[in-house]
Amino acid sequence: MDTSAATVVVWRPLMTPSSSARSGEDLRRRVLAFVRKATPFAYCDACLALRLECSLAEMAAALADLADGDAVLARARRSCYGCGRTLEISALRDGPPR
Ligand SMILES: [Zn+2]
């Protein structure tokens with residue numbers, strides 16, 4: 001019996017991890033600089049995305065990394081200085097860094 005080679009499915013990753021990690025790192029740095037400058041005011045994800053000219057999905061990923069990885073930011077329910085909505089936004093953690 002002859003098995004057809006056409007039935008073999010090749011899965012390709014949609015994104016190369018290296019390139020997306022590099023642009024993500026750049027965005028995280030810009031987010032952090034912006035948040036530090038804006039403190040004590042805080043902006044919601046959408047306002048941050050608008051001001052830093054990236055997509056909301058990219059901003060959400062960058063903020064998740066910053067609140068999780070090196071834990072510079074913390075998520076808290078606050079009012080946004082940009083649009084005035086009260087929702088969960090990212091701000092610098094309280095207290096001086098040690
Ligand atoms: Zn906002």
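Tutor: We will go from the overall layout to single residues, one feature at a time.

Student: What should I check before anything else?

Tutor: Start with the origin of the coordinates and the confidence in them. This is a predicted model. The mean pLDDT of the protein is 82, and 71% of its residues reach 70 or more.

Student: Which helix or strand has the lowest mean pLDDT, and which the highest?

Tutor: Among the elements, α1 is lowest with a mean of 82, while α2 is highest with 97. Take care over residues 12-18, where pLDDT stays under 50. For that stretch the model has one contact beyond four places in sequence.

Student: How many helices and strands are there?

Tutor: The protein has three helices and two strands. Their order along the sequence is α-α-α-β-β.

Student: How do the two strands pair, parallel or antiparallel?

Tutor: Look at the direction of each strand and at the residues that face each other across the pair. Here β1 (residues 73-79) and β2 (residues 86-92) pair in the antiparallel sense, over seven bridges. A74 stands opposite A91 in β2, and R78 stands opposite L87 in β2. The two strands form a hairpin with six residues between them. In the turn, G84 has a positive phi of about 80°.

Student: What is the general idea about side chains in a strand?

Tutor: In a regular strand the side chains alternate between the two faces of the sheet.

Student: Now the helices. What is the general idea there?

Tutor: An α-helix has 3.6 residues a turn, so residues three or four places apart point the same way.

Student: Which residues of α3 are buried?

Tutor: They are M59, A62, L63 and L66. Seen down the axis of α3, these buried residues fall within an arc of 95°, so they line one face of the helix. On the other side of α3, A57 and D68 are exposed.

Student: How does the span of α3 compare with what its 13 residues should give?

Tutor: At 1.5 Å a residue, the 13 residues should span 18 Å, and the end C-alpha atoms are 18 Å apart, so the two agree.

Student: Which residues does L63 touch, beyond its neighbours in sequence?

Tutor: L63 lies in helix α3. Not counting residues up to four places away, L63 touches V31, D45, L73 and S90. L63 counts as buried because 23 C-beta neighbours lie inside 10 Å. M59, another buried residue of α3, touches D45, L48, A49 and C54 under that same exclusion of residues up to four places away.

Student: Which members of the largest nonpolar core touch the most other members?

Tutor: The core has 15 residues, and V31, Y43, L48, M59, A62, L63 and L66 touch the most other members. Helices α1 (17-38), α2 (45-51) and α3 (56-68) each supply at least two residues. The most come from α3, which gives four.

Student: Is E53 buried or exposed, and why?

Tutor: E53 counts as exposed because it has 9 C-beta neighbours inside 10 Å.

Methods: Residues numbered from 1 in each chain as written. Core = buried A, V, L, I, M, F, W, Y, C linked by C-beta atoms within 7 Å. Buried ≥ 20, exposed ≤ 12 C-beta atoms within 10 Å, placed from the backbone. Contact = placed C-beta atoms within 7 Å. pLDDT = per-residue confidence, 0-100. Pairing = 2+ DSSP bridges. Expected span 1.5 Å × (residues − 1). Arc of directions from axis to C-beta.
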